[in-house]
Amino acid sequence: MAALRAVAEPTRLRLVVLCARGELTVTELTQILGQSQPRVSRHLKLLCAAGLLDRFREGSWVFYRLSQSSPLGALAQQLVAACGDADPAIALDLQRLAAIKRQRADLASAYFRENAAQWHRIRSLYIDEREVEAALVDIIAAADPRDLLDIGTGTGRMLEILAPRVERALGIDQSREMLAVARVNLESAGLENGLVRLGDMYQLALPDASFDAVVVHQVLHYADRPEAVIAEAARVLRPSGILMLVDFAPHTLEFLRDEHAHRRLGFADSEVAQWCSAAGLDPAPPRHLIGDPLTVVIWAAQRRACPWAAEEASEEIPLAVLEGGVR
Ligand SMILES: C[S@@+](CC[C@H](N)C(=O)[O-])C[C@H]1O[C@@H](n2cnc3c(N)ncnc32)[C@H](O)[C@@H]1O
């Protein structure tokens with residue numbers, strides 16, 4: 001009842017519709033609605049109290065999204081679907097949201113453009129990647145996939161280390177500059193079974209169930225809808241296929257936002273597990289590679305076999321293998 005009362009107010013309904021499109025900060029929501037920050041914050045507080053939105057703080061930013069912790073999140077989804085986007089106020093909000101996202105994407109691609117050539121050096125500033133790469137090789141060796149998709153391939157490093165272990169590997173990235181570097185790297189490594197293509201991680205131009213393995217390495221922290229990236233990765237996985245997500249554990253290094261275009265300061269195991277389960281994946285226990293100041297986490301998960309595909313179910317890779325692979 002409190003939830004319905006909360007959305008009976010037009011601004012609050014608009015906020016629910018906007019938060020259904022991604023995790024948004026109060027500053028972004030204020031820009032879109034053109035109302036004062038205290039007013040927007042008051043509405044957001046009410047929506048959180050009513051169980052329609054979740055609020056989470058990460059360093060100096062506070063994000064809002066449709067509730068995943070309360071059963072009323074489902075009601076919020078239904079309300080958003082029923083609203084559609086024909087209403088002029090909602091249509092304008094969505095246009096402004098699209099402009100904000102474009103602006104953000106432009107900033108991120110400018111960052112990637114400037115850093116494509118020296119990406120390996122930047123990565124080495126964070127942690128020693130060799131341990132992570134060895135753990136991923138172990139997972140791939142245990143799962144023995146025929147093909148692999150690398151989402152957000154960047155300079156193609158994951159393809160370099162994993163493509164030799166599969167028949168066919170494909171890297172997708174939205175940055176032409178990164179892909180240009182990746183092509184040179186693949187060629188000099190002599191990898192003929194590795195290809196790269198321009199593409200968007202939210203909308204892969206790939207059929208359902210077309211890969212045995214998907215890797216998303218140091219990409220998720222740029223996403224404003226990490227759960228949508230995971231759902232899209234799960235979509236292209238065959239039943240029993242494996243997803244390997246690699247990113248940081250929650251941290252407080254704000255400069256990664258200011259200087260390196262990160263949107264999220266790491267991820268909690270529980271939220272990644274929840275996103276994987278919602279996408280039809282069974283998460284294995286995560287592996288933490290403790291670093292100072294950044295800890296890298298490998299979250300492996302296996303696509304559930306379709307209930308109607310009995311033969312595929314019998315070929316399922318036991319989760320223990322995934323766990324063994326990252327030990
Ligand atoms: C930090 S780099 C990581 C590259 C690579 N996975 C690695 O670890 O070496 C992040 C990459 O994600 C790509 N990216 C960001 N947003 C993307 C999107 N919406 N679709 C596809 N690629 C994206 C960037 O262009 C960039 O190359």
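Reader: Which residues does Asp147 touch, not counting residues up to four places away in sequence?

Author: Contact means heavy atoms within 4.5 Å. By that rule Asp147 touches Val166, Arg168, Ser210, Phe211, Asp212, Ala213 and Arg238. The model is predicted, so local features need pLDDT of at least 70 and side-chain atom pairs pLDDT 80 or more, while totals for chains, interfaces and linings use all residues. Residues are numbered from 1 along each chain as its sequence is written, and side-chain values use heavy atoms, without hydrogens and water.

Reader: Is Asp147 buried or exposed?

Author: Buried means under 20% relative accessible area, exposed over 50%, and partly exposed in between (1.4 Å probe, protein chains only). Asp147 has 5%, so it is buried. Asp147 sits in strand β4, residues 147-151. Helices (H or I, at least four residues) and strands (E, at least two) are DSSP runs, numbered from the N terminus.

Reader: What polar contact joins the side chains of Asp147 and Arg238?

Author: A polar contact pairs N or O atoms within 3.5 Å; within protein, one must be able to donate a hydrogen and the other to accept it, and residues adjacent in sequence count only through side-chain atoms on both sides. The one between the Asp147 and Arg238 side chains spans 3.1 Å.

Reader: At what angle do the axes of α3 and α4 cross?

Author: Axes are lines fitted to C-alpha atoms, for helices over the stretch in contact; angles run from 0 to 180 degrees between N-to-C directions. Helix α3 (residues 26-33) crosses helix α4 (residues 37-49) at roughly 110 degrees, and the axes come within 9 Å. That makes α3 roughly perpendicular to α4. Under 35 degrees counts as roughly parallel, over 145 as roughly antiparallel, 65 to 115 as roughly perpendicular, the rest as oblique.

Reader: Which residues make the contact of α3 and α4?

Author: Val26, Leu29, Thr30 and Leu33 come from α3; Gln37, Val40, Ser41 and Leu44 come from α4.

Reader: How do α2 and α3 pack?

Author: Helix α2 (residues 10-19) packs on α3 at about 125 degrees, with the axes 11 Å apart. The two are therefore oblique to each other. From α2, Thr11, Arg14, Leu15, Leu18 and Cys19 meet Leu29, Ile32 and Leu33 of α3.

Reader: Which residue has a positive phi of about 75 degrees?

Author: Most residues other than glycine have a negative phi, and most peptide bonds are trans. Ser240 is not a glycine, yet its phi is positive at about 75 degrees. Ser240 lies in strand β8, residues 237-248. Ser240 is buried, at 6%.

Reader: Which peptide bond is cis?

Author: The bond from Asp292 to Pro293 is cis, with omega near 5 degrees. Pro293 lies in the loop between β10 (287-289) and β11 (296-303).
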